[in-house]
Amino acid sequence: MATQKDLCDTIVIGAGIQGCFTAYHLAKHRKRVLLLEQFFLPHSRGSSHGQSRIIRRAYPEDFYTQMMAECYRIWAQLEHEAGTQLYRQTGLLLLGMKENPELKTIQATLSSQGVEHQYLPSEELKQRFPNIRLARGEVGLLDKSGGVLYADKALRALQDVIQQLGVIVRDGEKVMEIKPGLPVVVKTTSRSYQAKSLIITAGPWTNQLLRPLGVELPLQTLRINVCYWREKVPGSYGVSQAFPCFLGLDFSLAPHHIYGLPSGEYPGLMKVCYHHGNNADPEERDCPTAFSDIKDVHILSHFVRDRLPDLEPEPAVMEHCMYTNTPDKHFILDRHPKYDNIVIGAGFSGHGFKLSPVVGKVLYELSMKLTPSYDLTPFRISRFLGLGKAHL
């Protein structure tokens, strides 16, 4: 059993990008932090691996656009501390029909928050990006702050920085039991630990940890196909050609968004993905492909053939990632309803990586019982209670 000398200020469960940024903020405020990770690092079982993510301020919801202002500052600070480039500004091009309400809302949000952007009517869009084939009536909105985050590199840099700040990282230790109380006791496959507070950032494994504590969150775990497509002429969709990241809001065959990043991480290959996947058990992530997986790839193949004519319409490389979605696709950042020294960060719904610097700050504030820097109304567990979707 852990003794008093083992008591730390905070235990964080899950060493993905959210858990690492949480540990970063705690350590910056001189807290003694233990970060537990069930797999040996680095690993590709969760949602934080892979070489790239889109970073953007373009959101329909102004609260994300607002949070992103601080995220950019913290990403730049981490770049400085790590001494390595973690972000490349390419711009983010939103594609949609002129009357698309989401496009109009995003434009209004960018305007009200003073974010530099440009509306591109069809003709101008065609001239500027001739290797995108547009649908009739399609227009563009360019978020100039958008770009590519080097995800793997960022996570490794952050893990190095937090250890330099004194965070103790224990990987290959799966949590077997959480005993709530003051202190909270966390039992792993190796030993027991005690802390004044606990923060759970366990991605697809969140409910496994919360069920014994009397909470079940409405989380859906999805397995996502991450597809790369070969350029017919290498570099034609590359950063060197000033090709931006893009987000397609209107494609008749696709009920969910399609997004892409300029070629770079694999030479001659462009990443184009569907922002949705198939139900998956995180323990069986690498199981054989389900039929619906193939349907997703068919949607992407159609999109690539119809809209990106300078790419081969069959994926050259296919990788996998996990999303943990909430019903409204907004995060859960809240205290446990019964144990206020247990804090939960979950449901990042495939768009949490870029926001992790501020998510980590908010989870640190909740664990220290400080006034949060942001209005957390959109992120509370209680929003699901009326829907019968969270069980307490």
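These entries record what I looked up in a predicted model.

**Helix H2 against helix H8**

I examined H2 (residues 62-82) and H8 (residues 356-367), whose axes come within 7 Å and cross at roughly 100°. The two helices are therefore roughly perpendicular to each other. I then listed the contact residues: H2 contributes Met 67, Glu 70, Cys 71, Ile 74 and Trp 75, and H8 contributes Ser 356, Pro 357, Val 358 and Lys 361. By type they divide into 6 nonpolar, 1 polar and 2 charged.

**Helix H5**

Among the buried residues of H5 I noted Ala 154, Leu 155, Leu 158, Val 161 and Ile 162. The elements covering the buried residues include helix H1, strands S2, S3 and S8, and H2. Just after H5, I found Gly 166 with a positive phi of about 105°.

**Salt bridges**

I found 12 salt bridges in the structure. Arg 307 and Glu 138 form one of them, at 2.1 Å from N to O. Arg 307 lies in helix H7 and Glu 138 in strand S7, so the pair ties together parts that are 169 residues apart in sequence. Arg 307 counts as buried at 7% relative accessibility, and Glu 138 is buried at 1%.

I next looked up Glu 116 and Lys 144, which meet in a salt bridge at 3.7 Å, N to O. Glu 116 sits in the loop between H3 and S6, and Lys 144 in the loop between S7 and S8, 28 residues apart. Here Glu 116 counts as exposed, at 55% relative accessibility, whereas Lys 144 is partly exposed, at 29%.

Terms used
Residues numbered from 1 in each chain as written. Predicted model: local features only at pLDDT ≥ 70, side-chain atom pairs only at ≥ 80, totals over all residues. Heavy atoms only, no water. Axes fitted to C-alpha atoms, helices over the stretch in contact; angles between N-to-C directions. Helix = DSSP H or I, 4+ residues; strand = E, 2+ residues; numbered from the N terminus. Parallel < 35°, antiparallel > 145°, perpendicular 65-115°, else oblique. Contact = heavy atoms within 4.5 Å. Nonpolar A, V, L, I, M, F, W, Y, C, P; charged D, E, K, R; others polar. Buried < 20%, exposed > 50% of the residue type's maximum accessible area, 1.4 Å probe, protein only. Salt bridge = Lys/Arg side-chain N within 4 Å of Asp/Glu carboxyl O.
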